[in-house]
Amino acid sequence: MKKIRVELGLRSYDVCVGAGLLGSADMLGKLASEIGASQVVVISDSNVAPLYGQATVDALAAAGLDAWATKPFPAGEPSKTLATASTLLDELLTHSPAIDRGTLVVPLGGGVAGDLGGFVAAIALRGLRVLQSPTSLLACVDSSVGGKTGVDHQTGKNLIGAFHQPSCVVIDVETLRTLPLAELRNGLGECVKHAVIRDESLLEFIEASAEKLLATEGRGDDKKLSFDAEIMAELIARNVTIKAAVVSADEREAGVRGHLNFGHTIGHAVETFIGYDNIRHGEAVSLGMVAANHIAKARGLLGPSQAQRITNILSKLELPTTTSPLDPGSIWQIMQHDKKALAGKVRMVLPTEIGKVDIYDDITPAEVAQAVESIGK
Ligand code: NAD
Ligand code: GLY
């Protein structure tokens, strides 16, 4: 098992990465016991609960913990709402025996379960401890680490929430085998993002391992991902190491944590423009990274061959690098309303080489228009 420490003073915690951790009383059960929980509540969605919910509750119970699971919420982003949080809170607060400040919440699933479950934990009894147990690659390498929790509002994504760091993160790479291939690619897009902002050697690793990471076996409903567990664990650990360092340096996003938004400014606008049901987050971020690189190239910050190298790896991972033509004016307008914009000024993260980025707040509508046209087929 690999362990990565997120250094946050008294709130520091470990991210544990390995195979077979979830169903094991000696691993998950022991880690939860060490937190000293009086009761453990597992929160999961309608896809993940039938796959891993019972094994998780059993592993916790086998370690002597009083564990139970809430009714699974419907899988998908539309469930990330105050209404679902309220239903979960009702279940927690009416449970017998009653929950108390010693209760531990275990969000089990993708980023939606993590953000929603983490948010419920942040506000129930003014704060319960959390053990994040991510089962999508995106959640393993990004959302389970760093303490951002929350739900969406009709006016935008993630607009209601709280910083609430977990006490521990347990990543069982074996759970990723049941992930739809498109969701694996989604997570690989975030891995490319980490490589571009901090670590060229991670990009080399992804380039060299792409086929092995995307390998599948079986057919139809029996199709499973057949990646090498060691390679997947290494990929996750390297990404968590980057995310942990960024979060330790800037927990509340006053500075360098903003680097994690590389590809997200235009990406979020594309997502809003095309519609959340019509494009996956990772696909939009892939387009956003290519568009950001176009601006970096035009400014003379990033060499054309470096930009092409990033486009090539995204293509190899079967993530989109072009899309049907977009309306640049609408994209610019959406970008001005992004929660990261300051006084209407659009801020973007641009690479200056592979492994290094800076934040720019002098981005012009003309630059965005050219970048958006460059990704339109
Ligand atoms: P998700 O939670 O909806 O999971 C994607 C799909 O995969 C869902 O259908 C889910 O049921 C399914 N799934 C998950 N694990 C599975 C498994 N092992 N086997 C089979 N199916 C599985 O979405 P996501 O892509 O994991 O996360 C996206 C969310 O994360 C968004 O809401 C985004 O805002 C949030 N996010 C948060 C942060 C943060 O720092 N908190 C960072 C990035 C993204
Ligand atoms: N995913 C962005 C962040 O955690 O800050």
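# Two ligand sites and selected residues in a predicted model

A nitrogen atom of ligand 1 stands 3.0 Å from an N or O atom in the side chain of Asp115. Taken alone, ligand 1 exposes 860 Å², and the protein buries 89% of that. The structure discussed in this report is a predicted model.

## The site of ligand 1

The site of ligand 1 is described here through its contacts, its neighbours and the elements that supply them. Gly111 takes part through its backbone: one of its backbone N or O atoms is 2.8 Å from an oxygen atom of ligand 1.

How many residues are around ligand 1, and which of them come nearest? There are 27 residues around this ligand, and those that come nearest are Asp45, Glu77, Gly111, Ser136 and Thr178.

Sorted by class, the shell around ligand 1 has eight nonpolar, 10 polar and nine charged residues. Several elements of the chain contribute to this shell. At least two of its residues come from each of the helices α2 (48–62), α4 (111–123), α5 (137–143) and α6 (181–198), and at least two come from the strand β8 (156–163).

## The site of ligand 2

Which residues surround ligand 2? They are Asp142, Lys148, Lys243, Glu253, Arg257 and Leu260. By class, this shell has one nonpolar residue, no polar residues and five charged residues.

The table gives the distances.

| Side chain with the N or O atom | Atom of ligand 2 | Distance |
|---|---|---|
| Lys148 | oxygen | 2.8 Å |
| Lys243 | oxygen | 2.6 Å |
| Arg257 | oxygen | 2.7 Å |

Taken alone, ligand 2 exposes 200 Å², of which the protein buries 84%.

## Buried residues and their partners in space

Val112 has its place in helix α4. This residue counts as buried because its relative accessibility is 14%, and the limit for a buried residue is 20%. Val112 and Ser44 are 68 residues apart in sequence, whereas their C-alpha atoms are 9.1 Å apart in space.

Ile99 is found in the loop between α3 and β5. Is this residue buried or exposed? Ile99 is buried, because its relative accessible area is 11%. The C-alpha atoms of Ile99 and Ser38 are separated by 8.4 Å, while the two residues stand 61 residues apart along the chain.

The loop that holds Ile99 also holds Pro97, between α3 (82–93) and β5 (103–109). The peptide bond from Ser96 to Pro97 is cis, with an omega angle near 0 degrees.

Ile359 belongs to strand β13, which covers residues 356–360. With a relative accessibility of 31%, Ile359 counts as partly exposed. Ile359 and Ala61 are 298 residues apart in sequence, and 47 Å lies between their C-alpha atoms.

## Backbone angles at two residues

Asn158 is not a glycine, yet it has a positive phi of about 55 degrees. Asn158 lies in strand β8, one of the elements that supply at least two residues of the shell around ligand 1. The relative accessible area of Asn158 is 30%, so this residue is partly exposed.

Glu318 also has a positive phi, of about 60 degrees, although it is not a glycine. Where does Glu318 lie? Its place is in the loop between α11 (304–316) and α12 (328–336). Glu318 counts as exposed because its relative accessibility is 53%, and an exposed residue is one over 50%.

## Aromatic rings

The structure holds zero aromatic pairs. A ring does, however, have a charged residue over its face: Arg177 lies over the face of Phe227, at 4.2 Å from the ring centre.

Conventions:
Residues numbered from 1 in each chain as written. Chains lettered and ligands numbered in written order. Predicted model: local features only at pLDDT ≥ 70, side-chain atom pairs only at ≥ 80, totals over all residues. Heavy atoms only, no water. Phe/Tyr/Trp six-rings, centres within 6.5 Å; stacked < 30°, edge-to-face > 60°. Lys NZ or Arg CZ within 6 Å of the ring centre and 35° of its normal. Near = heavy atom within 4 Å. Polar contact = N/O pair within 3.5 Å; in protein donor to acceptor, adjacent residues only side chain to side chain. Areas by Shrake-Rupley, 256 points an atom, 1.4 Å probe, with all protein chains shown as cover. Helix = DSSP H or I, 4+ residues; strand = E, 2+ residues; numbered from the N terminus. Nonpolar A, V, L, I, M, F, W, Y, C, P; charged D, E, K, R; others polar. Buried < 20%, exposed > 50% of the residue type's maximum accessible area, 1.4 Å probe, protein only.
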